[in-house]
Amino acid sequence: MSQKTIIITGGAGFIGSHVVRRLVNKYPQYTIVNLDKLTYAGNLANLSDIEKKPNYIFEKGDICDTSFVKALFQKYNPDAVIHLAAESHVDRSITNPLDFVMTNVVGTVTLLNVAREAWEGAYDSHRFYHVSTDEVYGALGEDGMFTETTAYDPHSPYSASKASSDHFVRAYHDTYGMDCVISNCSNNYGSHHFPEKLIPLSINNIKNNKPIPIYGKGENVRDWLWVEDHARAIDDIFHKAATGTTYNIGGHNEWKNIDLIRLLCAIMDRKLNREPGASAQLITFVTDRAGHDLRYAIDATRLKEELGWEPSLQFEEGLERTVDWYLENEAWLEQVTSGAYQKYYEQQYS
Ligand code: NAD
Ligand code: DAU
């Protein structure tokens with residue numbers, strides 16, 4: 001297989017670290033450059049198992065900084081970008097929308113501009129892969145699923161910023177002929193997930209006998225996908241997708257938040273040798289998220305039919321493995337929940 005140099009942005013985050021790990025291990029002939037600003041969500045400990053591999057390089061920097069990104073392109077002459085860097089948490093976007101415009105929109109356009117200039121005249125052999133979310137499609141009612149042709153209808157500042165970045169990526173394909181691909185994925189879960197998100201936050205709270213905050217009545221539905229299945233889908237799409245294509249990625253695995261948390265509580269009771277039902281007593285209904293989308297569900301038929309991708313894990317098994325990872329990695333959890341996390345938690349949940 002040919003040699004390639006790939007810049008992966010956001011590689012120190014949750015999904016990015018799984019993508020970096022997969023590509024570094026699977027393609028020793030590639031050079032993987034991880035470009036990450038190391039915000040509160042970025043953590044080099046997520047990559048401690050591969051950081052010494054000869055085909056892995058870390059570069060700290062901001063995707064909004066044109067001079068830095070240009071210098072990085074000059075230094076590495078990359079064949080491709082896989083772009084995951086983003087502000088990713090909906091609740092934070094409600095408090096600080098401009099941070100999301102900066103990173104998710106301006107940062108993406110900055111990368112596109114530098115790539116366009118660097119690759120001009122050779123777009124056929126250079127790929128820009130933009131990793132996006134199902135939240136751009138808005139909310140579903142009781143029925144139906146998002147397909148690749150569902151109209152965009154974002155509701156939160158986060159999803160509006162991701163929708164905007166998707167439009168820019170498509171515009172650079174249509175206007176300049178750049179080789180761009182996009183994927184829109186449903187909710188991921190698994191190891192190294194920052195405990196501001198529902199599943200790791202709940203695991204951490206159950207472990208510490210703290211209330212589990214459920215927004216509204218817990219009726220909202222999400223379609224959960226094992227993060228390593230997402231990384232595999234990104235690998236497949238990066239290597240096989242036709243230029244200009246979009247793929248939806250999802251788990252065919254819809255759960256009401258309250259049902260998911262009850263399952264998680266039962267797993268935690270077993271793992272922590274608690275009486276059955278003990279952890280569920282921590283469930284606490286709190287004020288709903290503003291503009292809270294009722295239901296997401298992804299139709300990933302195109303990805304299955306064209307590239308042969310399917311989710312590999314049953315949710316119960318994936319959730320159990322996730323719980324095991326958090327219980328076995330207490331130092332990681334303590335590191336990310338100390339300091340600034342405490343302040344965030346108080347502001348969000350007090
Ligand atoms: P995350 O918040 O865990 O990680 C984001 C990473 O980006 C961090 O390492 C952070 O340091 C880095 N980053 C942030 N701003 C940066 C900047 N200006 N310059 C360079 N690096 C910067 O996010 P995640 O959950 O891993 O999501 C990764 C991508 O996948 C995002 O684009 C997100 O929209 C998308 N996505 C996430 C999910 C999900 O369930 N988490 C689902 C679908 C799509
Ligand atoms: O659908 C893909 C998206 O999934 C990604 O694009 C986002 O980056 C990612 O953060 C995730 O967004 P959600 O808002 O769905 O994830 P979160 O874990 O924040 O919330 C999941 C559900 O749980 C949602 O209905 C809100 C609810 N929730 C969340 C938190 C943090 C609670 O009830 N209580 C909580 O404390």
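This is a predicted model: local features need pLDDT of at least 70, side-chain atom pairs count only at pLDDT 80 or more; totals for chains, interfaces and linings use all residues.
The fold contains an open sheet of seven strands, in which the pairing is parallel and the order runs β3-β2-β1-β4-β5-β6-β10. At the edges of this sheet stand β3 (56-60) and β10 (246-249), each of which pairs on one side only. Neighbouring strands of the sheet are turned against each other by 20° on average, with direction ignored. Strand β6 (residues 179-185) runs parallel to β10 and is joined to β10 by four bridges, and N184 stands opposite N248 in β10.

Helix α2 (residues 66-76) lies across β1 (5-9), β2 (31-36), β3 and β4 (80-83), and runs at about 160° to β3. Helix α7 (residues 227-240) packs on the sheet as well, where α7 touches β1, β4, β5 (127-133), β6 and β10, its direction making about 145° with that of β5.

**Ligand 1**

Around ligand 1 there are 28 residues, of which I15, D36, S88, Y158 and K162 come nearest. Helix α1 (14-26), strand β5, helix α5 (157-176) and strand β7 (187-189) each supply at least two residues of this shell, and β5 gives the largest share, with three residues. By class, the shell around ligand 1 divides into twelve nonpolar, twelve polar and four charged residues.

**Ligand 2**

The shell around ligand 2 comprises 24 residues, and T133, D134, Y158, R289 and Y349 come nearest. Helix α3 (90-95) and strand β8 (212-215) each supply at least two residues, with β8 giving the most, namely three residues. In this shell nine residues are nonpolar, eight are polar and seven are charged.

The table lists protein atoms and their distances to ligand atoms.

| Residue | Protein atom | Ligand atom | Distance |
|---|---|---|---|
| G13 | backbone N or O | oxygen of ligand 1 | 3.0 Å |
| K37 | backbone N or O | nitrogen of ligand 1 | 3.1 Å |
| T39 | polar backbone atom | oxygen of ligand 1 | 3.0 Å |
| S88 | backbone N or O | oxygen of ligand 2 | 2.7 Å |
| L198 | backbone N or O | oxygen of ligand 2 | 2.8 Å |
| Y349 | polar side-chain atom | oxygen of ligand 2 | 2.6 Å |

The protein covers 94% of the 690 Å² of accessible area that ligand 2 has on its own, while ligand 1, which taken alone exposes 830 Å², has 97% of that area buried by the protein.

Terms used
Residues are numbered from 1 along each chain as its sequence is written. Chains are lettered from A and ligands numbered from 1 in the order in which they are written. Side-chain values use heavy atoms; hydrogens and water are left out. A residue is near a molecule or strand if one of its heavy atoms lies within 4 Å of it. A polar contact is a pair of N or O atoms within 3.5 Å; within protein, one must be able to donate a hydrogen and the other to accept it, and residues adjacent in sequence count only if both atoms are side-chain atoms. Accessible areas come from the Shrake-Rupley method with a 1.4 Å probe; for residues, only the protein chains shown count as cover. Ala, Val, Leu, Ile, Met, Phe, Trp, Tyr, Cys and Pro count as nonpolar, Asp, Glu, Lys and Arg as charged, and the others, Gly among them, as polar. Two strands pair if DSSP finds at least two bridges between them. Axes are lines fitted to C-alpha atoms, for helices over the stretch in contact, and angles run from 0 to 180 degrees between N-to-C directions. Contact means heavy atoms within 4.5 Å.
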